[in-house]
Amino acid sequence: MEYLLNTNGLTKQYGRHKAVKSVNIHIRQGDIYGLIGRNGAGKTTLLKMISGLAAPTQGDFTLFGKSGKEAYRYLSRVGTLIESPGIYPNMSASDNLKLKCLAMGVRRKDEVSELLDIVGLSGAGRKKVKNFSMGMKQRLGIALALVGSPDLVVLDEPINGLDPQGIAEVRDTLARLNRERNITLIISSHILEELSKIATHYGIIHDGVLLQELTREELLERCSERIELKTDDTRKACTVLDGIGITQYKVVDPDTIHIFERLNDSGEITFALAQNKIRTLGITVKNEALEDYYLNLTGGAVNA
Amino acid sequence: MLNLIQMDLYRMFHSVSTWVILIFAAAAAVFTVSMANIDVSAMAEDPQYAQESVQEKNEDSSSEELQLGIYAESDPEWVSGNIDAGEMLSIQIKSGVLTLLCIIFAAVFGSADFKNGYIKNIAGQLKNRGVLAVSKFTASAVQVFLMMLLFTIFTFLTGEIFWGERFVLGAVTEMLPFLGAQYLLNLGFAALILLLCTLTKSSAFGMTAGILIVMRFSIPVYSLINRGIAEIRPSWNFDINKYMLDGNMGLAGINASPEILTRAAVVGAAFVAVCIALAALAVKKQDVR
């Protein structure tokens with residue numbers, strides 16, 4: 001499968017400390033990839049490496065099908081907002097954008113006004129950035145990342161410091177950019193609920209290690225309400241489930257089946273299994289929230 | 001590269017610090033010429049003071065001792081005779097007052113994008129981010145040129161106001177070799193400060209180091225190097241001052257020999273080339289924080 005970006009054992013070491021350990025992420029064109037992790041999990045370091053701001057200690061990445069040094073030539077198609085927005089506080093929002101337009105060789109006259117419009121700052125273009133609220137600065141940071149219409153935009157904690165209305169606006173903006181301009185987005189955050197409202201794919205990183213990559217559907221499935229049935233013969237159990245009209249189920253391992261319908265019929269299911277001489281080792285109704293799922297995976301409270 | 005130069009020039013002309021430093025350059029010219037006027041008036045009123053100044057001048061030219069700090073000495077001959085505009089400008093520029101402003105500008109301008117993080121917006125998207133150092137230096141070179149131009153104009157204007165017909169402009173072409181050498185030396189300082197700021201990510205370090213060098217606090221270090229080399233090769237007669245920016249700045253005046261002016265220009269250009277090459281390499285190799 002052709003990925004827009006995939007990393008191959010990407011590692012970053014500072015002294016003896018490995019901030020990112022052999023990470024392999026896979027992002028396709030049009031994805032909104034949510035990178036979830038606690039503070040200090042290695043999100044920013046990973047994003048810096050794939051943005052060309054930090055050199056990997058080991059490993060490399062493939063970008064637009066090109067790998068090694070050739071991939072670095074395509075970084076001009078990658079817009080970034082890493083950590084807090086990097087802006088000149090004594091300059092206006094327009095001037096900050098104009099600077100990047102000049103640096104990138106973007107000569108289109110309307111570029112600055114269009115970008116300000118996209119991020120909802122069209123009325124504040126002439127205002128000095130030092131007088132901006134945190135949310136306005138974040139939005140300007142996103143606009144800077146969009147200069148030159150990049151194909152991939154890397155946003156590190158873009159909703160940091162935003163109020164609920166600001167978060168919703170940024171989320172809508174990003175979703176619109178993805179939908180209308182087919183911009184692929186990588187968004188890191190430790191606010192899982194927010195990320196879950198927009199991301200189509202997820203990567204969960206912890207202590208520099210990528211624990212899991214999954215699609216939105218997979219995540220919802222794992223977090224949705226379900227019956228978790230543990231039995232000694234899943235093959236026969238599936239036949240029994242079919243027999244009693246249950247079709248929405250999934251065998252997740254040799255002993256476990258997740259059933260996503262008729263959640264109140266645990267008794268009927270156990271009875272049917274017993275009738276067919278299949279032992280029920282355990283049957284429970286589970287409803288795991290996204291945050292619980294993340295905590296179970298990383299083994300602790302979120303340091304948000 | 002041209003895109004980045006355009007960006008840095010745009011940033012420079014839209015930065016408050018650029019205009020503040022240009023105003024300071026003009027004010028410095030007015031201030032130093034005013035001080036020279038006070039000095040000339042004092043010498044006119046007190047013949048003994050004038051005599052002492054003549055003695056000091058003669059001692060300075062023969063002595064190998066170097067002074068710490070910033071000094072602009074007035075010529076005792078200015079009391080009764082004409083005041084040569086080129087000589088006045090030469091004394092003021094050799095004092096290092098303009099170089100101090102160049103250093104402050106280079107430190108502030110050169111480290112601004114590191115400080116506020118703007119570099120994160122562009123560094124990743126450049127094929128060779130080492131050119132960032134070259135573009136910043138190019139913008140600094142324009143600023144240094146403007147500062148020298150403004151300093152020269154205001155020195156001449158203030159001299160004209162104070163001394164009228166006694167203030168003689170002379171042939172501008174005669175000033176060009178001296179101004180060219182001093183321009184290159186000031187560019188050398190700007191490049192050195194850009195390098196220090198790039199390596200240390202600290203404008204304070206670059207600025208302080210530059211100011212100390214201009215105020216000749218480097219003399220003890222040079223002395224040690226000279227002595228060390230003299231012990232190894234006594235016949236060599238090596239003087240590191242001849243190959244340093246600050247050493248040449250004090251020598252490359254309007255009346256300096258072509259040999260001294262050429263050496264000063266070469267030293268300035270060499271510092272520019274080496275410092276910018278190293279700064280470009282550092283920007284390329286270092287991770288952007």
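Predicted model: local features only at pLDDT ≥ 70, side-chain atom pairs only at ≥ 80, totals over all residues.
**Entry: chain A as a whole**

I began with the overall make-up of chain A. I counted eleven helices and 15 strands in chain A. The C-alpha atoms of chain A fill a box of roughly 75 × 40 × 35 Å along the principal axes. Of the 304 residues in chain A, 51% are buried. I then looked at contacts in chain A between residues at least 6 apart in sequence, and 67% of these join residues at least 24 apart.

Next I checked the domain assignment. For chain A it gives domain 1 as 5-215 and domain 2 as 225-286. The C-alpha centres of domain 1 and domain 2 of chain A lie 43 Å apart.

**Entry: strand E1 of chain A**

I turned to strand E1 of chain A, which covers residues 5-14. Seven of the ten residues of E1(A) are buried, so I noted the strand as mostly covered.

Which strands pair with E1(A)? I found strand E5 of chain A, residues 58-63, paired with E1(A) in the antiparallel sense over five bridges. On that side A:Asn6 stands opposite A:Thr62 of E5(A). Strand E3 of chain A, residues 26-27, also runs antiparallel to E1(A), with two bridges between them. Here A:Leu5 is opposite A:Ile27 of E3(A). Strand E2 of chain A, residues 17-23, is joined to E1(A) by four bridges, again antiparallel. I looked up the bridge partner of A:Gln13 in E2(A), and it is A:Lys18.

E1(A) and E2(A) form a hairpin with two residues between the strands. In this hairpin A:Gly15 takes a positive phi near 60°.

**Entry: A:Ile32**

I picked A:Ile32 and placed it in strand E4 of chain A, residues 32-36. Is A:Ile32 buried or exposed? Its relative accessibility is 3%, and the cut-off for buried is under 20%, so A:Ile32 counts as buried. I listed what A:Ile32 contacts, leaving aside neighbours within four places in sequence: A:Asn178, A:Leu185, A:Ile187, A:Ile198, A:Ala199, A:Thr200 and A:His201. A:Ala274 is 242 residues from A:Ile32 along the chain, and their C-alpha atoms are separated by 45 Å.

**Entry: helix H4 of chain A**

Helix H4 of chain A runs over residues 111-118. Its buried residues are A:Glu111, A:Val112, A:Leu115, A:Leu116 and A:Ile118. They cover an arc of only 160° around the axis, so they are on the same side of H4(A). I then asked what these buried residues of H4(A) pack against. In chain A they pack against helix H3 (93-104), helix H5 (134-145) and helix H6 (164-181). Just after H4(A), I noted that A:Gly120 takes a positive phi of about 75°.

**Entry: A:Lys48**

A:Lys48 sits in helix H1 of chain A, residues 43-50. At 10% relative accessibility, A:Lys48 counts as buried because the cut-off is under 20%. Not counting residues up to four places away in sequence, A:Lys48 touches A:Leu53, A:Ala54, A:Ile82 and A:Glu83, and also B:Val288 and B:Arg289 of chain B.

**Entry: the contact between chain A and chain B**

That took me to the contact between the chains. How many residues take part from each chain? I found 34 residues from chain A and 25 residues from chain B. The area buried between the two chains is about 2500 Å², and carbon and sulfur atoms give 52% of this area. B:Tyr118, B:Lys120 and B:Gln125 supply 30% of the area that chain B buries against chain A, more than any other three residues.

**Entry: helix H10 of chain B**

Last I looked at helix H10 of chain B, residues 219-232. At 1.5 Å a residue, its 14 residues should span 20 Å, and the end C-alpha atoms are 20 Å apart, so the two values agree. The buried residues of H10(B) are B:Ile219, B:Tyr222, B:Asn226 and B:Ile229. Their arc around the axis is only 95°, which means that they are on the same side of H10(B). Among what covers them I found helix H9 (203-214) and helix H11 (245-251) of chain B. The face of H10(B) turned away from the buried side carries the exposed residues B:Leu224, B:Arg227, B:Glu231 and B:Ile232.

Note on methods
Residues numbered from 1 in each chain as written. Chains lettered and ligands numbered in written order. Heavy atoms only, no water. Domains from an automatic or database assignment. Buried < 20%, exposed > 50% of the residue type's maximum accessible area, 1.4 Å probe, protein only. Pairing = 2+ DSSP bridges. Expected span 1.5 Å × (residues − 1). Arc of directions from axis to C-beta. Contact = heavy atoms within 4.5 Å. Buried area = accessible area lost by both parts, 1.4 Å probe.
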